[in-house]
Amino acid sequence: MRFKQQFPIRILHVVGGMNRGGIETWLMHMLRHIDRESFQIDFLVHTTEHCAYDSEIRALGSKVIPCVNLSRPWLYASNFKKILQEHDSYDIVHSHVHHFSGIVLRLAQEAGVPVRIAHCHNDSSPFEANAGLYRRLYLNLMKGLIARHATLGFGCSQVAAVDLFGSNWKNDSRWQLFYCAIDMLPFHQSVNSREVRTELGIPDNAFVVGHVGRFYKQKNHEFLLKIFAEILNREPQAYLLLLGEGSLRENIEQQAVEMGISNRVIFAGVRADVPRLMIGAMDVFILPSFHEGLPVVSIETQAAALPLILSDVITNELEKVAPLVQQISLSQPAPVWADAAVAVRDSTIKVTQTDSLAVLENSEFDIDYSIELLTKTYVDECKKAYKAK
């Protein structure tokens, strides 16, 4: 079969659910900016619950298609193949579900999908280092399936590529780096800081520590609270602004109560106006994650010209505006992190948002660059796949 570059090219993105998060934020930037007459984008999700982006996805002409029963592979396989049959043929399946992409791409190949992309957004190796026997067997099986059934693989960073494709990933032309970009436009908005802080109940003169992330173990919220407690000892007018939801939120709320700092910790939940809150409310951003691929939020903080303190296990590939970024080892105690945060406030090194945006808009983290690269890759891969048939 010969590919005649007939549009639209049909792409099915596979993701857990389209709630607000790093992967999902990038996917929405992509969906909003891509030529939707040339590329039909749909989303296969692993949940039947309504997610934050579902309504906008449908308004933009795309489908949200539930496929559940992950714990029962035979049922999942049946559902997956039925979905591909019912929703016409897809040219590309682009999977974002880490190791489970092995099953997704195998099923896609069996269904005759010619282009199959495994996209790694995380480096889970620190978390998986002490995995038990059955978990290790699962990981090895999934990596083997990805190697066998993927026609292309993206890593959001060097460490993410190693995690999913192996330490020799550069020797296989299928495996490539693909940085997840952001839309810079929201960071050009004029923001009234006093208005934003009033909405949140934060005094004008407060020193605000910010964090955006799901309440999962990976994000290390417990240590973040310890850091903030130390900051309060140094800066009595400090507040901690936490954006996000997750299974550990109640535990972190209780820990804040037990530490006696709950009156200075704001749990703001999931917000659609993260750029506005970064610009208008936060003075420093702390990200003490145990592991990451390349967090999209780290690019957003630099777009907001917001000083960023993060753990040194996170790749320095995110560092585009160097004066804003500082990495500290997780082996360092909370007082060291607190000293660094307070020092940011007193630093004479200032970066304007105009300057930081100029750097990012001329980098691989700008959405226009990302879309151009992605669409070219989609077209090229389809040409190769159909020519091979």
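View 1. At least two lining residues come from each of helix H8 (193-200), helix H11 (274-281), strand S12 (308-311), strand S13 (325-328) and helix H13 (334-346), and H11 gives the most, with four residues. Helices (H or I, at least four residues) and strands (E, at least two) are DSSP runs, numbered from the N terminus.

Residues are numbered from 1 along each chain as its sequence is written. Because this is a predicted model, local features need pLDDT of at least 70 and side-chain atom pairs count only at pLDDT 80 or more, while totals for chains, interfaces and linings use all residues, and side-chain values use heavy atoms, with hydrogens and water left out.

**View 2. Helix H13 and the elements around it.** The 13 residues of H13 should span 18 Å at 1.5 Å a residue, and this agrees with the 19 Å between its end C-alpha atoms; the expected span of a helix is 1.5 Å times one less than its number of residues. The buried residues of H13 are Ala334, Trp337, Ala338, Ala340, Ala341, Val342 and Val344, where buried means under 20% relative accessible area, exposed means over 50%, and partly exposed lies in between (1.4 Å probe, protein chains only). These buried residues pack against strand S8 (207-212), helix H9 (221-234), strand S11 (284-287), S12 and S13.

**View 3. Two loop residues with positive phi.** Most residues other than glycine have a negative phi. Alanine 305, in the loop between H12 and S12, has a positive phi near 55 degrees, and with a relative accessible area of 16% it is buried. Asparagine 220, in the loop between S8 and H9, likewise has a positive phi, of about 65 degrees, although it is not a glycine, and at 8% relative accessibility asparagine 220 counts as buried.

**View 4. Helix H1 and its packing partners.** Helix H1 (residues 22-33) has twelve residues, which should span 16 Å at 1.5 Å a residue, in agreement with the 17 Å between its end C-alpha atoms. Its buried residues are Glu24, Thr25, Trp26, Leu27, Met28, His29, Met30 and Leu31. They pack against strand S1 (9-15), strand S2 (39-45), helix H2 (54-59), strand S5 (115-120), helix H12 (296-303) and helix H15 (367-388).

**View 5. Histidine 13 and histidine 94 with their side-chain partners.** Histidine 13 belongs to strand S1 and counts as buried at 0% relative accessibility. Not counting residues up to four places away in sequence, histidine 13 touches Leu27, Met30, Ile41, Asp42, Phe43, Leu44, His94, His96 and Tyr378, a contact being heavy atoms within 4.5 Å. The side chains of histidine 13 and histidine 96 are joined by a polar contact of 2.8 Å; a polar contact is a pair of N or O atoms within 3.5 Å in which, within protein, one must be able to donate a hydrogen and the other to accept it, and residues adjacent in sequence count only if both atoms are side-chain atoms. Histidine 94, in strand S4 (residues 92-95), is buried as well, with a relative accessible area of 0%. Its side chain makes a polar contact of 2.9 Å with that of histidine 119 and another of 2.8 Å with that of tyrosine 378.
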